[in-house]
Amino acid sequence: MLLTSEDIASLSVATRNLSKGYDKGPLAVDSLDLSIRPGEVFGLLGPNGAGKTTTIRMLLGLLRPTCGQVFVHGEEITTGRQRVKSRLGVCPQETVLWPELTVSEHLYLIGRMYDVPGKTLRAETERLIGEFSLGEKRNQPTKRLSGGLRRRLNLAMALVHGPDVIMLDEPSAGLDPQSRALLWERVKQLTKDGRRTVVLTTHSMEEADRLSDRVGILDHGKMLVLDTPDVLKRSIGEGDVLEMELDRAPSSEAMEALRRHGRVEQQAATATTVSVRGLDIMQRFPGIVVALTSSGVVIRGTRLRPNTLEDVFLKMTGRSLRD
Amino acid sequence: MRFLPLSFAIAKRMRRDLFTLFFAILFPAFFLLIFAVAFGKTGPMKNQRLDLAVVNRDEGLRVNFGNGQDTLLLGVTLVDVLESLSYSTSSGWMRSDSSSSGLTGLDSLGLGARRPESPVFGVVDTLREADALKKVSSGDLDAVFVIPAGFTKAAMAMAMEDVMGRVFTGAMDGFRGEAREPEVTGRSSGEVAGPTGPWSGSSAGPGVLGRKPTVSEIQRMIDDVSRRLERRGKKTGLPLDSLSLPSRKADPVALSLAGDPSNLGFTMAGGIIRNVLDEFLKKVSQRSLEEAKDFLPAEPSAATADLISLENSSVAVETRTVFDYQVPGIIVFALLMLVSLVSVTLLLDLTQGHLERLKLTRMSSLDYFLGNTLPWMVLSILQLGLLFGVAKLLGYHNAGGMLAGVGLVLLGSLSSVSLALIVAALAKNEKQASAVATMIAVPLSFLSGAFFSVRDVVVSRDFFGHSLGLTDLSPWTHTTKALVGMLTFGKSLAEVRWNVMMQVGLTVLLLLVGIGLFSRRRLTAQR
């Protein structure tokens, strides 16, 4: 669907036919059309080398597209980059900090680089230091901070100038559960007022599921699916999943008997874990047990769960390992 | 004004990174110490012989000071003085003991010389200036010194200014003595009978004319006084009849010293000859007074026995060592060290993601450049202060103050940051940057004449009226020359303006290339 100028102006982030190719090989990003709305948390998922980082770098204006356009609040990033920059906040995947500078000096420096007036900057610095529980370490050089504190500061730096669009590139990588919970809480609050937009890339399906309003799965530079997590989960099949741990790989006859109860997934023919996905799977459970035990297989454990985003991800991108 | 917070942040980082600060500030000071030990007062290099060709066109002057006629050849005498200058063990250089050389004109001045053991100059007499200049170009000679025709005449004319004043005073004293005679024999008191002519009046003295008398007027006055005294049967006791004064009138003459400005030997020769010449002319004047002392009133000052001796002279250049010429060079070396430090810092910004983090902000290329340049410029000033202080402690003889070098050092640091930008734009990582910067900065230090003078390849013999060598294409060459001129020789900014102009021009050029290249390769969106 071709976006009109009005559509683009109403969107936080939009891309039109965005592509990036390098000297040799296929396109890293291939004709990507994104429409991210204000107040939305947009999850961008994909296996390693899918084109997520390339996409993010083009959205930030760090990488020049081979073709296509990027718009932030209706402004094309190549022509109005200086104006667009103030509206963008970025939390890079790697914590980029100056080891000799303190926590407050980092926030001050980045704020000044975005032309935040002194008084506002001081107030915002105080607020963020409090919000991310950095108060005790405010005068510590960052080389003395723990990994978790460094990541919290990294996120605070993305917010110090009050951006409309916040790009979080794997923000929870390396965080302990407490810090991750704090981070998720902050991300949810960011979009509460419906004004700000968050673009999130992550390898944590749980994180994407919990935080994202919509999720796009990218692979080989192409957007494979894009919808809400619930729709995506439903798209791979109604019902629940019964996972069973067996004492040995089931025979072909046992597998055939299982397929009468639902869709069977087995990572390899010799794998001892088998999943059966289907509607009313619990009512079918006795029949499944009979099918397996009659072939001499012992069931060591079972787990019943609903479809997850990971199921969607694996279904869309396959199970083969990436570079 | 985004560059200011960036500058402050970089300055804080530098202050907290003591290892880098140590290398940036203290390493050149250690380097200075090494040079002071090697080339300072006790160093062997201070006795470096300067090869000088002399073209002596002076034809001399026939003169009679009352003890017979003689031909005075001050040009020859000056050459002899230069030949006899030697390095002493306690100070930079000094005149060796003099003795008769048998040269015409020297005896009358009491000058003479023997070959010194450790000469300052290796003097080659020649009349072929063009050949000598070729040897300067090829580096076989440090300088060509031309003594023009009329040098003795001009020097003596200068000396006669003093002599005539004194002779006039003496003559007037004689006149007053003659005038007082009638008073003893009954003339009325207060009546002063004087000689007729321009000096008649109620009082006597040099001020009676309201101007300095001419030589002929003095001569006439002396003759007049002598005649009067003789008429009265008195003797002056002075051989006035034999007095024949040289003319005060002479055409101005200019001595010239030609050489390669990038050659430290030429710079040294210039400083030494300038001071020798001043001293020489002073001594000629004193000697002239000495010769005419029988005609003069009480001596205002004691004449020296050795006319050209400079042993006790307080002329600054006398105590110079090679180290004195190297101190500005080491300051330039410290500036060139910035190339490596700055380029590595910029590459660290790149490889550690700091530059990309800053690129996400509203920072412009100019902000980044200024933000990074200012702290290094401040550092270079601190470095200058430290190096200057350490150099003074180690015996640096400077004629100019440290403040004279501030502007030059700021310009030099700007050149270094510009070159660092180019290195950082082309290198892939900090290791490459360090290696490339060192490979560029160290040869540049030598080529800029920071440590020793270098033989240059002439690119143009007339570039806006100046000879342009290959090394002149480096701004640091001009920083070195201007710093040597201002700090060591105490030259004014006007005197080194050519070097400053070249430094500014080349720095601007380097800056434009540096900013352009760095912006294009590092600060714009990647392709």
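Colleague: Which side chain meets B:Arg2 in a salt bridge?

Modeller: This is a predicted model, and side-chain atom pairs count in it only at pLDDT 80 or more. A salt bridge here needs a side-chain nitrogen of Lys or Arg within 4 Å of a carboxyl oxygen of Asp or Glu. The N to O distance for B:Arg2 is 2.7 Å, and the partner is A:Asp115.

Colleague: How many salt bridges does the rule find across the interface of chain A and chain B?

Modeller: The pair B:Arg2 and A:Asp115 meets in a salt bridge. Polar contacts are a separate count, with 14 residue pairs between chain A and chain B. For salt bridges across this interface, the rule finds six.

Colleague: Which element gives the largest share of the side of chain A that touches chain B?

Modeller: On that side, α3 (81-85), α4 (103-113) and α6 (147-159) of chain A each give two or more residues. The largest share is five residues, and the element is α4(A).

Colleague: How much area do chain A and chain B bury between them?

Modeller: The size of an interface is often given as the accessible area lost when the parts come together. Here 29 residues of chain A are in contact with 24 residues of chain B. In chain A, the residues that lose the most area to chain B are A:Arg64, A:Trp98 and A:Met113, together 24% of what that side buries. Carbon and sulfur atoms carry 55% of the area buried between the two chains, which is about 2800 Å².

Colleague: Which element gives the largest share of the lining of the second largest pocket?

Modeller: The pocket has a volume of about 590 Å³. Its lining has 23 residues, with B:Thr20, B:Leu341, B:Val344, B:Thr345 and B:Trp376 nearest its centre. Two or more residues come from each of α1 (3-16), α2 (18-39), α9 (322-351) and α13 (430-447) of chain B. The largest share, eight residues, comes from α9(B).

Colleague: How many residues in the lining of that second largest pocket are nonpolar?

Modeller: Three of the lining residues are charged and five are polar. The nonpolar residues number 15.

Colleague: What volume of space lies in the largest cavity?

Modeller: The structure holds five cavities of 30 Å³ or more. The lining of the largest includes A:Phe132, A:Arg151, A:Arg152 and A:Leu155, and α6 and α7 (177-190) of chain A each give two or more residues to that lining. By class, the lining has six nonpolar residues, one polar and two charged. The space in this cavity is about 50 Å³.

Conventions
Residues numbered from 1 in each chain as written. Chains lettered and ligands numbered in written order. Predicted model: local features only at pLDDT ≥ 70, side-chain atom pairs only at ≥ 80, totals over all residues. Heavy atoms only, no water. Contact = heavy atoms within 4.5 Å. Buried area = accessible area lost by both parts, 1.4 Å probe. Polar contact = N/O pair within 3.5 Å; in protein donor to acceptor, adjacent residues only side chain to side chain. Helix = DSSP H or I, 4+ residues; strand = E, 2+ residues; numbered from the N terminus. 1 Å grid on protein atoms, 1.4 Å probe; cavity = no way out; pocket = protein on both sides within 12 Å on 5 of 7 lines; lining within 4 Å. Points joined across faces, edges and corners; volume = space filled by probe spheres on them. Nonpolar A, V, L, I, M, F, W, Y, C, P; charged D, E, K, R; others polar.
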